[in-house]
Amino acid sequence: MRILPLLISSVITVGLVVTLNSKLLLPAPLGKLLSPQHGVWQNAESSQASFSEDFKFPQLTGKVQVYLDDRLVPHIFAERDRDLYFVQGFLHAKFRLWQMELQTHAAAGRASEIVGKIALKHDREFRRLGMVYAAESSLKEMEKDPQTKLACDSYTEGVNAYIASLTESSLPLEYKLMGYKPEKWSNLKSALFLKNMSENLAGHDNDFEMTNAKNYFSKEDFSKLYPSYQDSLDPIIPKGTIYEKPSIELKVPVDVDSNYLNKKDLAVTTQEEKPDRNNGSNNWAVNGAKTKSGSPILCNDPHLGLNLPSLWYEMQLHTPELNVYGATFPGAPAVIIGYNDSCAWGVTNGGRDVRDYYEIQFKDESKREYWYDSAWRKTEFRYETILIKDSATYMDTVAYTVFGPVMYDQSFSGGRASNSRYFSVRWKAHDKSNELKAFMQLNKAHNYEDYLLAISNMKTPGQNFVFANKVGDIAMRTQGEWPAKWKGQGDFIMPGTDSTYQWQAMIPFEETPFQYNPSRNFVSSANQDPADSSYPYYLGRGYPLYRGIIINRRLQALNDITPKDMMSLQTNNYNVFAEMATPLLLNNINENGLSLNEIKMLRLLKAWDYNNAPYSRGATVFDVVWTNFSKLVFDDEFKNAPPVIIRPLESTLLQGILSDSAYKFIDNITTTEIETLSDVITIAFKNSIADLEKAQKEGRLEWSKFKDTRVNHLTKLEPFSRLHLSIGGGTHSINATKSNHGPSWRMIVSLTPKTEAYGVYPGGQNGNPGSRFYDNFIDHWASGTYYPLWMMAAGEEGDSRVQWKMSFTN
Amino acid sequence: MKFIVSVLLIALLSLAVGLYLPWWTIALVAFIVTSLIPQNPMRSFLSGFTALFLLWGALAWIISSNNNHLLAGKVALVLKMGNPILLIIVTALIGGLVAGFAALAGSFVRRK
């Protein structure tokens with residue numbers, strides 16, 4: 001034996017192996033990552049891959065058959081509910097495990113465990129918002145109800161059965177690349193997933209921003225810049241609806257003017273700007289009087305962030321008592337938006353303000369006691385342990401008052417509050433509720449009464465639930481458990497030293513605005529105000545107006561409607577905001593002395609038909625000119641404003657100048673002369689030319705290229721994302737597709753004796769970037785086409801659409 | 001002859017252990033084979049290198065072709081390698097180097 005060479009070459013070998021098996025070169029061990037039998041190559045799904053398989057699980061009580069169709073949509077046929085939800089969990093995990101875990105980790109404030117320090121601020125914010133606290137209280141309700149408990153238990157067993165079957169080589173791609181492993185699923189994780197949707201849909205408030213605006217502007221200017229009721233309002237429940245006298249008599253605090261509405265010293269200091277978040281959605285239903293078939297048609301397209309893998313996963317669930325098809329959430333049992341043999345339903349976000357802040361007076365920095373109703377009260381503490389990848393653990397202490405967690409304090413301002421004051425958050429999503437029950441009961445609903453009973457469980461996030469059934473009923477309900485507020489309550493930070501500013505009661509279910517078989521033969525919602533000002537409870541402000549207007553205008557005009565008409569309506573790019581604003585711009589642009597290039601751009605705007613079509617150049621000109629105009633109008637007023645503030649809505653500016661051409665804010669207060677509307681619009685137009693010419697040079701003048709819609713992978717890794725999609729639409733169009741936000745699931749259900757349904761979402765059924773089913777729906781979605789949705793019947797096992805079969809036995 | 005037998009043995013055994021054991025067992029396989037089939041150090045190294053370069057290269061190539069290079073294209077971009085063929089070559093090289101050095105070490109076990 002030659003010791004020295006043996007030693008040297010052994011050391012080299014071991015060194016190589018150790019290096020390649022460690023995370024020195026990459027976040028993941030390179031040797032393991034590239035080993036064809038273990039690493040990423042194992043995730044390269046063959047184009048001939050078969051998904052047929054036989055599984056045996058002792059947890060099952062009977063047989064379950066799954067038929068996967070040519071789009072990889074599973075049709076699950078089970079004998080019992082518990083087996084059904086087991087297999088639903090198993091399939092969600094099989095095709096979407098990584099996103100389920102990532103999203104629930106993020107919801108729980110545990111993202112730092114996966115991505116490291118970069119997520120610490122997010123994690124602290126979510127812990128301080130009380131996300132886990134909220135999920136835990138929700139879980140208690142879910143587990144109190146035998147039906148939802150059974151579904152959650154079986155679902156969790158199914159997910160865990162899949163996780164237990166994983167080997168190094170079958171681990172989803174992202175785990176390999178990021179070098180970690182999945183942990184066990186639990187019912188709490190499903191609760192966290194649903195709470196994450198609450199955060200997404202009912203976790204938006206502008207209380208700090210509005211407080212700053214109130215402090216900065218005079219009372220008169222403030223009410224002009226932030227009106228609480230808009231003129232061209234076409235609410236969800238039409239104007240003129242008669243509302244009963246409210247059953248709750250709200251006591252407005254006696255010092256409301258001096259200590260709240262007109263109080264100026266609640267300044268909050270801050271550095272960063274808050275990201276703009278606008279979740280929108282459309283839904284509507286028409287009854288048989290308006291359709292060609294004589295049966296109702298229901299449509300829904302919820303607008304959410306566009307991600308890969310998609311938030312949605314299509315499924316059919318079938319047992320002897322249940323047959324439902326639609327979009328499911330990987331992370332929770334049941335179908336969320338869909339239809340069964342009797343009815344269909346869909347949702348848009350209610351968008352009312354259900355998150356308010358109270359300023360707390362602590363006795364001292366220890367935060368052990370706070371002043372409330374003329375006495376010192378004891379605080380409760382929740383200790384948050386945040387594990388951080390490659391870093392020391394972070395410990396956070398969160399004080400809880402009668403209102404809720406003290407989210408912002410000396411150690412955390414969230415970029416919007418103040419490090420010298422204390423703000424407790426009162427969030428509706430902290431209250432006990434069992435939203436899963438709403439969906440489980442909707443899955444089995446037969447009639448209008450079942451629908452009402454089901455959605456009465458939906459408390460937060462409040463949703464506008466549209467409904468239609470085969471008997472011919474249509475309905476819309478602005479469902480949610482909404483706090484009854486006096487006018488202005490919760491628009492700003494409220495005093496937290498006594499109970500007078502607290503929410504006093506919830507609006508009773510019977511007093512929620514709704515419509516059932518209305519004489520106009522249709523119902524619709526697009527996130528606009530739920531009702532007009534005759535509704536006796538305060539509804540807050542800031543609802544988007546324009547999609548609702550165009551939807552109602554079109555539905556009013558349409559007759560003999562077919563599903564095809566609904567497809568063109570749902571993908572309609574008409575911009576009703578531009579229809580109102582463009583003439584105003586054109587009438588005020590002074591054409592004298594315009595350069596040749598300016599005239600060219602003006603011609604594009606003049607020739608524009610208000611359609612945000614993908615190839616439209618007029619749409620781009622309008623967008624750029626309006627943005628510059630809005631900046632020019634308000635930049636001077638906001639020049640010295642605190643950084644955490646919110647600008648007036650586009651609708652406020654448009655309504656302002658439509659009703660008053662001498663609109664107060666038109667004049668530039670930093671110059672001595674008085675600018676007219678025409679001056680400002682002409683300057684805004686000229687200011688736009690440089691940007692427009694640049695876009696033209698780069699070949700981005702066409703609207704779809706200028707807007708540049710993309711569907712990002714959840715890590716934002718570009719190779720796993722789909723970029724530069726050719727799609728029109730925009731904020732104010734029914735096709736509300738923005739750069740990374742838009743219709744996340746389009747569904748049309750015609751409730752004819754044999755249901756005719758269509759749907760599409762921007763993603764694919766398989767979450768694996770190495771699968772041809774990863775993003776195969778995206779081009780369909782972008783081009784505005786739909787897939788027929790197949791409600792498979794027992795006996796259709798031999799249908800040519802069935803490509804693969806999975807069988808589950810115990 | 002010894003060379004070809006070594007290459008074949010290392011490749012086949014690596015394929016087999018790879019089904020059940022961690023990726024780095026290819027090093028053990030190469031080490032054991034060259035310590036049992038004595039060749040000079042250079043030839044030993046080459047037999048280990050060739051075996052795994054060919055095995056991993058071929059496996060990656062077959063898998064990737066069946067996948068129309070869909071995933072390899074994406075992962076190559078993530079790892080900043082540009083194209084799927086390069087990713088296959090890097091895969092083959094890593095396998096080849098680890099097995100090559102292990103085989104070299106193995107060749108010294110019985111040498112005087």
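The legends below accompany close-up views of a predicted model.

Local features here rest on pLDDT of at least 70 and side-chain atom pairs on pLDDT 80 or more, while totals for chains, interfaces and linings use all residues. Residues are numbered from 1 along each chain as its sequence is written, with chains lettered from A and ligands numbered from 1 in the order in which they are written.

**View 1. Chain B is built from helices.** Welcome to chain B, which has 5 helices and 0 strands (DSSP runs of H or I with at least four residues, and of E with at least two, numbered from the N terminus). Its C-alpha trace spans about 50 × 25 × 25 Å along the principal axes. Of its 112 residues, 54% are buried (20 or more other C-beta atoms, placed from the backbone, within 10 Å of a residue's own). Among contacts in chain B with a separation of 6 or more, 76% join residues 24 or more positions apart; a contact means that two C-beta atoms, placed from the backbone, lie within 7 Å.

**View 2. Here is helix α3 of chain B and the residue B:Asn68 that follows.** The helix covers residues 41-66, 26 residues in all. From first C-alpha to last it reaches 37 Å, close to the 38 Å expected at 1.5 Å a residue (1.5 Å times one less than the number of residues). After α3(B) comes B:Asn68, with a positive phi near 55 degrees.

**View 3. Chains A and B meet in this view.** Chain A brings 35 residues to the contact and chain B brings 33 residues. On the chain A side, α1 (3-20) and α2 (30-34) are the elements that give two or more residues. The largest share, 9 residues, comes from α1(A). By class, this side of chain A holds 18 nonpolar, 13 polar and 4 charged residues (Ala, Val, Leu, Ile, Met, Phe, Trp, Tyr, Cys and Pro count as nonpolar, Asp, Glu, Lys and Arg as charged, and the others, Gly among them, as polar).

**View 4. A:Val87 sits in the largest nonpolar core.** A nonpolar core is a set of buried Ala, Val, Leu, Ile, Met, Phe, Trp, Tyr and Cys residues joined through C-beta atoms within 7 Å. This one has 204 residues, and A:Val87, A:Ala285, A:Phe423 and A:Phe467 touch the most other members. Helix α3 (residues 81-107) of chain A gives the most to this core, with 13 residues. Leaving out residues up to four places away in sequence, A:Val87 touches A:Val64, A:Val66, A:Ile76, A:Ala78, A:Gly158 and A:Phe808.

**View 5. A second, separate core includes residues of both chains A and B.** Among its 52 residues are A:Val17, A:Trp41, B:Leu59 and B:Ala99.

Notes: A residue is buried if 20 or more other C-beta atoms lie within 10 Å of its own, exposed if 12 or fewer, and partly exposed in between; C-beta atoms are placed from the backbone.
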